[in-house]
Amino acid sequence: MSEETLNLKLRIWRQDGPSSKGGFAEYPANNIPTDASFLEMLDVVNEQLIEQGEVPVEFPHDCREGICGTCGVMINGRAHGQEKATATCQLHMRKFTDGDTIEIEPWRAAAFPVVKDLVVDRSALDRVIEVGGFISAPTGSAPDANEMLIPKDVAESSMDAAACIGCGACVAACPNSAGQLFTSAKIWHLNAMPQGQAERYKRTEEMVETMEQYFGSCTNHGECSEACPKEISLDFIAYMNRDYVKSKVKNRRLAGQ
Amino acid sequence: MTTLNSKVPEGPIAEKWTKHKFDSKLVNPANKRKFKILVVGTGLAGSSAAATFAELGYEVEAFTFHDTPRRAHSIAAQGGINAAKNYPNDGDSVFRLFYDTVKGGDYRSREANVYRLAEVSVDIIDQCAAQGVPFAREYGGLLANRSFGGAQVSRTFYARGQTGQQLLIGAYQALMRQVGLGAVKLHTRSEMLDLVVKDGEAVGIVTRNLTTGAVESHAGHAVVLCTGGYGNVFYLSTNAMQCNVTAAWRAHRKGAYFANPSYTQIHPTCIPASDEFQSKLTLMSESLRNDGRIWVPRSRDETRRARDIPEAERYYYLEEKYPAFGNLVPRDVASRNAKTVVDQGFGVGPLKNGVYLDFASAIERVGKDTIEARYSNLFEMYERITGENPYEVPMRIYPATHYTMGGLWVDYNLMTTIPGLYAAGEANFSDHGANRLGASALMQGLADGYFVLPYTIGDYLAPKLGQDLVPTDDPVFTESVQNIKAMTQGFLDINGTKSPEHFHRELGKIVWNYIGMARDQNGLEKAINEIRALREEFWKDVRVLGNADTLNASIEKAGRIADFFELAELMARDALDRNESCGGHFREESQTEEGEALRDDENYAHVSAWEWHDADTPQTKHAEELEFENVKLTQRSYK
């Protein structure tokens, strides 16, 4: 813990609404303690703006411990900033240097229209989930949990994928605004498990095709995984593609064609 | 003071729930679609309830102020979820989980509710496993368990350190399946700002669309609040920034009694605040106390680095005071002792507001690799936040507000004192008494949503078959909409000088200082006066900028703080009225010779439920007497 402070120059994207024109506004951020988090730095700036009678900057945030997936902005062109495996709320100001200029923008993707300033609408991610990102198990119908054996490494692999927090950094970081990392993480979380087999190929086909309605195409840049605060692996995209190809055969056969 | 009817069914405790389910009226499957249920909040309780209602065939509308249901703060729970499965064959049972939970709550919870919670806990694990929650497994593929929070059996199921996240995602996915099927209408970025009551029954809610500012009416045959706890009244807490009491509080203002508001839980192992800019506190898993030794320097004027202070000049206060339990005393005892040494001036860190949690001797004993294997994720998190390496220097920790046991009063059916209004999860007061045990919050949220409400709500709805919804142009709706619009515009019109954040921070200081870990009569009376004065200043001097017809976090915040002011005052009144210590509520005037919490079962073995009048008239207290037929009341001791 240190008592140091930073003086910074911020260039923040301001935009009134989805259809208004936006632009950068410059604000000084002075005497920012290095122990503050990035979002606490924005809190301080907003307090100053309010004091000066200026409308504060809207930015997405909630849990501030890296798990809810609400926060996320482009920091100097990078989703969640330069630190690996770190959501915006877990990025601390000691990672910056006195005198830095920091450019802060909302997630950039056609699928994520700007709501206001740094806040975007990520509901396209929910549209992908609602067509197949689940196991149909109505309440009360479950057998005893230990009747189904799940090998430890299978549960671990599923958990690696299930760790996704749905922040959308993968889409924002991708030059094509593709949704593959998010979608494949959910598909693998469920397809890996014995419980997920009954709906495996229906799920895969419907989720992939819904994803394609909203998001761009994947061209294997790998920026998604680089930006991911939970380091979700690119492998899941390969697993998804494999299951998607299979689904085209399996789902047809089941349809009797 | 009147007596409240908890509607606990007759009969032996183990048969109450089964009998009650049979005695409850049913709604014919074909008729369920004729009823509309509004579910507010989409955390564990809300998502699980909304999904289950829709599966049963009810028409459901779900509301969340987040951009998607998956963001609710249930997601941040780390440790695990209890269930009386007894898979490890170590002597657990429904009765033992029930017993431990009543005792852990310091004998201030309702036996029948807690028994039901323990009973359905086993079904929760089955349900979640079937949904694909990736619980930890043994090599043979069976579910893994661990002991948690000092429990003497291993009954906690977990998914790494992200159990809350995985359970919430399971419930969220069940909910989204129903949304995809068209069975649930989902309203995101919609904040409930009023409960609409007609002829004494809940008939709908009024919300503000946080994106457009539109104030909207929604009618339902029943309203279910799953809107979480009120820990953010302390300003600094482990809650998410947007957690608030507004939905529950607005219901309280419409007649729902608010129970035991003074029961708040302080978690002992959080990272201390570093300065005024601090926006929240981060919890470090309690498991750290298994290997860390807690101490402060013996001298108040100590300036040396921790490493340079010789053993003889260190005060291992928990080990000295509680030789049997040492650093593993329960949460409330560990927290209060940390406060005592810091208040006496022995605190460490630049602000002298923490105590050391030192791993040096554990590293010496078992090696750095072992400590790394056990806690590396926590050590990384600590270093990320503080910039200090806990392998080299001791961690600094201090207690922080974590969970609130109080909430809307509900009967055995989880119905509030307003017919047709239900409360579930942390929003109600029901199952944890005066102190919640670790790994019990996730269990309660899902029990309420998956397995309790789906049965009990039918009993209320069945006789209403054929009854139309109250039209949203009825005066009860239009008046409420007018009031909410006026309140929203009112914040913009005050045009004061200080931000909503300023008032929240100042309120938090009062609540923490006087209604925090230890309370006494003088402090509580002082708190009431200071809260009132600050509240008055808030309504005259808050500065909310921008417009009401766009996203405007300042408007949202101002409304939530307005409610926190009223809640804080009630917390103080409740703490003042409860002249005993129990669980998380510690009255300086009521302690044993050793300084432990001393209950007064003769006068306070009851739930205090408070009835609203208006902002300037103190609430009236109603009591629900607690009867203990299956659990023996004892004084806790950890010496």
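Trainee: Why does B:Asn495 count as exposed?

Mentor: B:Asn495 has 12 C-beta neighbours inside 10 Å. The cut-off for exposed is 12 or fewer, so B:Asn495 counts as exposed. Bear in mind that we're looking at a predicted model.

Trainee: Where does B:Asn495 lie?

Mentor: It's in the loop between helix H12 (475-494) and helix H13 (500-515) of chain B. Phi of B:Asn495 is near 55°, a positive value in a residue other than glycine.

Trainee: Is A:Arg64 buried or exposed, and how do you know?

Mentor: Count again: 25 other C-beta atoms lie within 10 Å of A:Arg64. Buried takes 20 or more, so A:Arg64 is buried.

Trainee: And why is B:Phe157 called buried?

Mentor: Here the count is 30 other C-beta atoms within 10 Å. B:Phe157 sits in strand E4 (residues 156-157) of chain B.

Trainee: Which residues does B:Phe157 touch, not counting residues up to four places away in sequence?

Mentor: Among them are B:Gly80, B:Ile81, B:Phe135 and B:Leu143. Take B:Leu143: it's 14 residues apart from B:Phe157 in sequence, and the two are 7.7 Å apart in space, C-alpha to C-alpha.

Trainee: What about the largest nonpolar core, which residues have the most contacts inside it?

Mentor: That core has 273 residues, and those with the most contacts inside it include A:Val171, B:Val40, B:Leu225, B:Leu408 and B:Tyr422. Leaving aside neighbours within four places in sequence, B:Leu225 is in contact with B:Val40, B:Leu408 and B:Tyr422, among others.

Trainee: Let's turn to H11(B). How do you know that its reach is close to the one expected?

Mentor: H11(B) has 21 residues, and at 1.5 Å a residue you'd expect 30 Å. From its first C-alpha to its last, H11(B) reaches 28 Å, which is close. There's a kink of about 55° at B:Val452, shortly before the proline B:Pro454.

Trainee: What makes H11(B) mostly covered?

Mentor: Of its 21 residues, 19 are buried. Helix H11 (441-461) is also one of the helices of chain B that each supply at least two residues of the side touching chain A.

Trainee: How many residues does the contact take from chain B and from chain A?

Mentor: 70 from chain B and 68 from chain A. On the chain B side, H5(B) gives the most, with nine residues. By class, that side has 27 nonpolar, 28 polar and 15 charged residues.

Trainee: Which domains does the domain assignment of chain B give?

Mentor: Domain 1 (266-401) and domain 2 (475-625). Their centres, taken over C-alpha atoms, are separated by 31 Å. Six residues from domain 1 and five residues from domain 2 make up the contact. Helix H8 (residues 331-343) of chain B supplies the largest share of the domain 1 side, four residues.

Definitions and conventions
Residues numbered from 1 in each chain as written. Chains lettered and ligands numbered in written order. Predicted model: local features only at pLDDT ≥ 70, side-chain atom pairs only at ≥ 80, totals over all residues. Domains from an automatic or database assignment. Contact = placed C-beta atoms within 7 Å. Core = buried A, V, L, I, M, F, W, Y, C linked by C-beta atoms within 7 Å. Nonpolar A, V, L, I, M, F, W, Y, C, P; charged D, E, K, R; others polar. Expected span 1.5 Å × (residues − 1). Bend = angle between axes of the 7 residues up to and from the residue.
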